Amino acid sequence: MKRYTILLPLLCLVIGLLLGSLLPVPWAERESLVPSASSTPALKQAEMGDSSGQSAPLLDAADNFPLLNAACSVVRALERQDYAALAGFVHPERGVAFTPYSTVNTETDQTFTATQIRDLARDSTAYIWGFVDGRGSLIELTMEDYFTRYVWDADYTQAPQIGIDRLMMSGNALENLPEAYPGCRFVDFCFPGRDPSSQGLDWCSLRLVFAPGETSWHLVGIVHGEWTI
């Protein structure tokens with residue numbers, strides 16, 4: 001593990017070496033080094049890394065930096081509730097799917113278009129997102145309320161761990177993100193624990209899944225992870 005320096009070329013080199021490894025760098029320092037999403041260069045299709053974190057494909061910095069750039073931009077948009085900016089990353093054909101508890105279900109997970117994301121604050125429809133862990137009752141929430149509980153349930157700009165194509169934490173839920181999104185890559189913003197007295201049982205993650213496009217990464221999935229019963 002290495003810390004970023006203020007030099008962009010060295011940052012790119014470090015990201016290339018750290019695929020699938022921890023990036024425990026203060027967010028303020030990371031953000032200052034990430035350019036605007038509009039500067040993202042053309043990308044090549046990349047294979048998904050091993051979900052166990054034991055191994056990952058060796059990719060150069062030209063692949064890794066734009067992915068991290070896109071993920072950081074999405075997290076900043078979520079922090080600011082800038083849904084227009086968030087919508088700009090949503091895949092134009094596939095839209096973006098939402099998973100409340102780690103296990104992706106492509107048949108039942110709610111999927112929304114870029115237009116719906118842009119207007120989510122004005123959407124008063126209560127959607128069914130799945131079932132509440134440990135209770136079995138339906139998760140019936142508006143998009144805005146879902147974001148509060150299952151997307152931005154922590155300030156992920158301060159996440160102490162970031163995994164590139166690596167799931168940083170797992171619990172009892174089936175972790176099938178790599179299999180559910182073949183040909184895609186993901187960035188996991190993770191809090192391994194927020195209250196020391198909870199002994200890690202309060203961990204949570206925001207996993208952003210991207211599909212490669214001709215000139216940019218497109219957001220196709222937002223998977224929320226947390227400790228489950």
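These are my notebook entries from a look through this structure, which is a predicted model.

**Entry 1: salt bridges**

I started with charged pairs. Searching the whole structure gave me five salt bridges. I followed up some of them.

I took aspartate 165 with arginine 185 to begin with; their closest N and O atoms sit 2.8 Å apart. Aspartate 165 is in the loop between E5 and helix H7 (177–180), while arginine 185 belongs to strand E6 (residues 185–191), so this pair ties together parts 20 residues apart in sequence. Then I checked cover. Aspartate 165 comes out at 1% relative accessibility, so I put it down as buried. Arginine 185 has 0%, so it goes down as buried too.

**Entry 2: arginine 207 and its partners**

Which residues are linked with Arg207 in a network of salt bridges? I found Glu175 and Asp188.

For the glutamate 175 contact I get 2.9 Å, N to O. This pair links distant parts of the chain, with arginine 207 in strand E7 (residues 204–212) and glutamate 175 in the loop between E5 and H7, 32 residues apart.

For the aspartate 188 contact I get 3.4 Å, N to O. Here arginine 207 is in strand E7 and aspartate 188 in strand E6, so the pair ties together parts 19 residues apart in sequence.

Arginine 207 and aspartate 188 are both buried, with arginine 207 at 0% relative accessibility. Glutamate 175 has a relative accessible area of 15%. Buried means under 20%, so glutamate 175 counts as buried as well.

**Entry 3: glycine 163**

I came back to aspartate 188 from another side. Glycine 163 is 25 residues from aspartate 188 in sequence, yet their C-alpha atoms are 4.9 Å apart in space. I placed glycine 163 in strand E5 (residues 161–164). Its relative accessible area is 0%, so I have it as buried.

**Entry 4: the largest pocket**

Next I looked for pockets. The largest one has a volume of about 200 Å³. I listed its lining: Pro100, Tyr101, Thr103, Asn105, Thr108, Asp109, Ile128, Trp129, Gly130 and Phe131. By type, I get five nonpolar, four polar and one charged residue in that lining.

**Entry 5: a nonpolar patch**

I then looked up phenylalanine 131 by itself. It lies in strand E3 (residues 127–131). With a relative accessible area of 53%, phenylalanine 131 is exposed. I also have Phe131 down as one of the residues lining the largest pocket.

**Entry 6: positive phi**

Last, I went through backbone angles. Where does glutamine 81 sit? I found it in the loop between helix H3 (61–79) and helix H4 (83–87). Glutamine 81 has a positive phi of about 55°, although it is not a glycine. At 53% relative accessibility, glutamine 81 counts as exposed.

Serine 102 also went on the list: its phi is positive, about 55°, and it is not a glycine either. I located serine 102 in the loop between strand E1 (96–99) and strand E2 (110–112). Is serine 102 buried or exposed? It has 2% relative accessibility, so I count serine 102 as buried.

Notes. Residues numbered from 1 in each chain as written. Predicted model: local features only at pLDDT ≥ 70, side-chain atom pairs only at ≥ 80, totals over all residues. Heavy atoms only, no water. 1 Å grid on protein atoms, 1.4 Å probe; cavity = no way out; pocket = protein on both sides within 12 Å on 5 of 7 lines; lining within 4 Å. Points joined across faces, edges and corners; volume = space filled by probe spheres on them. Nonpolar A, V, L, I, M, F, W, Y, C, P; charged D, E, K, R; others polar. Helix = DSSP H or I, 4+ residues; strand = E, 2+ residues; numbered from the N terminus. Buried < 20%, exposed > 50% of the residue type's maximum accessible area, 1.4 Å probe, protein only. Salt bridge = Lys/Arg side-chain N within 4 Å of Asp/Glu carboxyl O.
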